[in-house]
Amino acid sequence: MHSDVTIIGGGPAGLATALSLESAGLSVTVLERAPQAALAEPAFDGREIALTHHSVSVLRNAGAWARIPPVGISPLREARVETGRHNHPLTFDTNGQGVEALGYLVSNHMIRQALYEEAMTRPGIVIRAGVATRRVRDDGESVTVLAEGGDVTSRLAIAADGRFSEIRRLQGIGAIVHDFHRAMLVCRMAHESPHHHVALQWFDDGQTVALLPVNGGASSLVLTLPPDQIEALRTMERERFNANIMARVGNRLGAMRLVSTRHVYPLRAVYAHRFTARRFALIGDAAVGMHPITAHGFNLGLKGQDVLAQEIAAGMARDGDPGSAAVLRRFSMRHRLTTAPLFAATNGIATLYTRDESPFRYLRRAGLRAADSLAPFKAAVTNMLIDRGKTA
């Protein structure tokens, strides 16, 4: 089998890349380990994605945004950051920004389904589900992806198989792995008090809590604790769980009740040593897997594939080669300039705001109060949260 580009991984980053490249006139084969049914109707996985305006533009240009039901799109009108209890919050809002929301909260499974449905309408995209990829072979002027059910030869192979990418490892590309020794429990909680579409990130002593507003009088709970405590909460009887969560959030939203399944994810950040090899590129979490504290991991994945699509289009215009060394060199340089500072800053923030020793508690309380009084700082962070960056 032949195509211009082969993508290993049919998650959001892989499918978004396929749509971008097909729009540029390339033929694309997507290989995904999960079965077809899991792609067509992905299950709720607990993750709610805070999309920037740039990410919405990418999804809109790809044709996926229109496939997300409006009821599943929740505007984020304000963000609050707190530390400890009864402390001065750091707030960000849309005042003077000329937009209705900082961003939009959409369930991960809805984004996946929308991208898949759009990809299935494109004649230049072939999706092979239930396929395990063995390795990528360098053939000089092409690459061959060795996979179950038949190999695929193309001018470029792209790995989009997650932060613990097996293909990345087989290509001899290492990665920085930062283990925070914490786990994250995510689920939806209905509550009696309105959230007014305000997102809360709360660094309390001994725990980190995020409450992300979704439509229908509910919030997505993101609770970070040591793994053994998270596991106890995952299996806890429902009524006890509800009472436990209400106590943890200080009853700030009134009575709360669990209205979804509970999901647990380990907290590990990943940054690949290289984003490319010969006729090979990493995209999404396979390149950069962020700590969720700044809610930019998914957005960086969409931005990375947008940059790659731009460079491939430029390469096609130059010499008709989507996987040339020049294309990959420019993509790698641009994506590293975007991601390296944010990755380092995010890990630093996560360390400062999740450790409970006295110096750290003092620094974050003083830091939040000082930051809230600095208008230029708040404006810069607000612009980063909104991110109106141009798409290809």
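Predicted model: local features only at pLDDT ≥ 70, side-chain atom pairs only at ≥ 80, totals over all residues.
Angles under 35 degrees count as roughly parallel, over 145 as roughly antiparallel, 65 to 115 as roughly perpendicular and the rest as oblique. Residues are numbered from 1 along each chain as its sequence is written, and side-chain values use heavy atoms, with hydrogens and water left out.

The protein contains eleven helices and 21 strands; these are DSSP runs numbered from the N terminus, with helices being H or I of at least four residues and strands E of at least two. Of its 392 residues, 55% are buried, where buried means under 20% relative accessible area, exposed over 50% and partly exposed in between, with a 1.4 Å probe and protein chains only. The accessible surface is about 16,400 Å², and carbon and sulfur atoms hold 55% of that surface; accessible areas come from the Shrake-Rupley method with a 1.4 Å probe, and for residues only the protein chains shown count as cover. Contact means heavy atoms within 4.5 Å. Among contacts between residues at least 6 apart in sequence, 74% join residues at least 24 apart.

Two packed helices are described by the angle between their axes and the distance between the axes. Here the axes are lines fitted to C-alpha atoms, for helices over the stretch in contact, and the angles run from 0 to 180 degrees between N-to-C directions. A crossing is left-handed if the near helix is turned anticlockwise from the far one by less than a right angle, and right-handed if clockwise.

Start with helix 1 (residues 12-23). The axes of helix 1 and helix 4 (residues 108-119) come within 9 Å and cross at roughly 30°, so the two helices are roughly parallel to each other. Their crossing is left-handed. On the helix 1 side, P12, L15, A16 and L19 take part, and they meet N108, R112, L115, Y116, E118 and A119 of helix 4. This contact divides into seven nonpolar, one polar and two charged residues. For these classes, Ala, Val, Leu, Ile, Met, Phe, Trp, Tyr, Cys and Pro count as nonpolar, Asp, Glu, Lys and Arg as charged, and the others, Gly among them, as polar.

Helix 1 also packs with helix 8 (residues 297-319), at an angle of about 25° and with the axes 9 Å apart. This pair is therefore roughly parallel too, but the crossing of helix 1 and helix 8 is right-handed. P12, A16, T17, S20 and L21 of helix 1 make the contact with F298, L302, Q305, A309 and I312 of helix 8. By class, that contact has seven nonpolar, three polar and no charged residues.

Helix 8 leads on to helix 3 (residues 53-62), as their axes come within 9 Å and cross at roughly 55°. That angle makes helix 3 oblique to helix 8, and the crossing is left-handed. H54, S55, V58 and L59 of helix 3 meet N299, L302, K303, Q305 and D306 of helix 8. The residues of this contact are three nonpolar, four polar and two charged. Seven of the ten residues of helix 3 are buried, so helix 3 is largely enclosed by the rest of the structure; the buried residues are H53, H54, S55, V56, V58, L59 and A62. Just after helix 3, G63 takes a positive phi of about 90°.

N299 in helix 8 is buried, with a relative accessible area of 3%. Leaving aside neighbours within four places in sequence, N299 is in contact with A50, L51, T52 and S55.

The remaining stops are in loops. Most residues other than glycine have a negative phi, and most peptide bonds are trans. H196 has a positive phi of about 55° although it is not a glycine, and the loop that holds H196 runs between strand 13 (175-191) and strand 14 (198-204). At 59% relative accessibility, H196 is exposed. R279 also has a positive phi of about 55° without being a glycine. R279 is in the loop between strand 19 (276-277) and strand 20 (280-282), and R279 is buried, at 6% relative accessible area.
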